[in-house]
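User: I've got a model here and I'd like to talk through its contacts, surface and charges. Can you go over it with me?

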Amino acid sequence: MATVDHGEAGPEDAESEDEVYEVVDLTEYARRHQWWSRVFGNNSGPIAEKYSVATQLMMGGVTGWCAGYLFQRVGKIAATAVGGGFLLLQIANHSGYVKVDWKKVEKDVNKAKRHLKKKANKAAPEINTFIEEATDFIKRNIVLSSGFVGGFFLGLAS
């Protein structure tokens, strides 16, 4: 087999020889460039560094109150719907409109419980990671978090 030498390398060959690639460690890059820096710019950081204690309490309290108020309203609606549905099912059962096979219901509920238990055991690492991240956030932003909790309870009460 013969090779042909065309003389000097063309411009494309010279460019390919000069290319240098840099290896980037993504975990280190993610540690140095937090998500808030990408969203809000390089001047942003944890909320404790940017706002006064009063502002953090106010922000946490207002958002907590809104969340608590919505939680209360949605909770009441959900409880009414579930309770009303169960009540209507019981009335229909006693009136003879509906025959409920309670043994089958109990069997299906127990099957669902076993299935959920099995899924919960598999999901434990993700849940533990989420709990650790939430705990870390609360520790870094304790004033904002305490304002949120207080506002949440006020929202539930109103």
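User: Which residues does Asn-93 touch, not counting residues up to four places away in sequence?

Analyst: A quick note before the answer: this is a predicted model, where local features need pLDDT of at least 70, side-chain atom pairs count only at pLDDT 80 or more, and totals for chains, interfaces and linings use all residues. Residues are numbered from 1 along each chain as its sequence is written, and side-chain values use heavy atoms, with hydrogens and water left out. Asn-93 is found in helix α5, and contact means heavy atoms within 4.5 Å. Leaving out residues up to four places away in sequence, Asn-93 touches Val-98, Lys-99, Val-100 and Trp-102.

User: Is Asn-93 buried or exposed?

Analyst: The cut-offs are under 20% relative accessible area for buried, over 50% for exposed, and partly exposed in between (1.4 Å probe, protein chains only). Asn-93 has 17% relative accessibility, so this residue counts as buried.

User: What does the secondary structure of the protein come to?

Analyst: Helices (H or I, at least four residues) and strands (E, at least two) are DSSP runs, numbered from the N terminus. From that end on, the elements run α-α-α-α-α-α-α. The total is seven helices and zero strands.

User: Which residues form the nonpolar patch on the surface?

Analyst: Patches are made of residues with over 30% relative accessible area and no salt bridge, where like charges are joined within 9 Å and nonpolar side chains (Val, Leu, Ile, Met, Phe, Trp, Tyr) within 5 Å. Accessible areas come from the Shrake-Rupley method with a 1.4 Å probe, and for residues only the protein chains shown count as cover. The nonpolar patch has about 670 Å² of accessible area together, and its members are Phe-86, Leu-89, Tyr-97, Val-98, Trp-102, Val-105 and Val-109.

User: Which element gives the largest share of the nonpolar patch?

Analyst: The elements giving two or more residues are α5 (53–95) and α6. Trp-102, one of the patch members, lies in α6 and is partly exposed at 38%. With three residues, the largest share comes from α6.

User: Which side chains meet in a salt bridge?

Analyst: Here a salt bridge is a side-chain nitrogen of Lys or Arg within 4 Å of a carboxyl oxygen of Asp or Glu, and by this rule the count comes to one. The N to O distance is 3.4 Å. Because the two partners are four residues apart in helix α6, about one helical turn separates them. They are Asp-136 and Arg-140.

User: Which residues form the positive surface patch?

Analyst: Lys and Arg count as positive and Asp and Glu as negative, while His and the chain ends are not counted. The place of a charge is taken as NZ of Lys, CZ of Arg, CG of Asp or CD of Glu. Lys-122, one of the members, is in helix α6 (residues 102–140) and is exposed at 60%.
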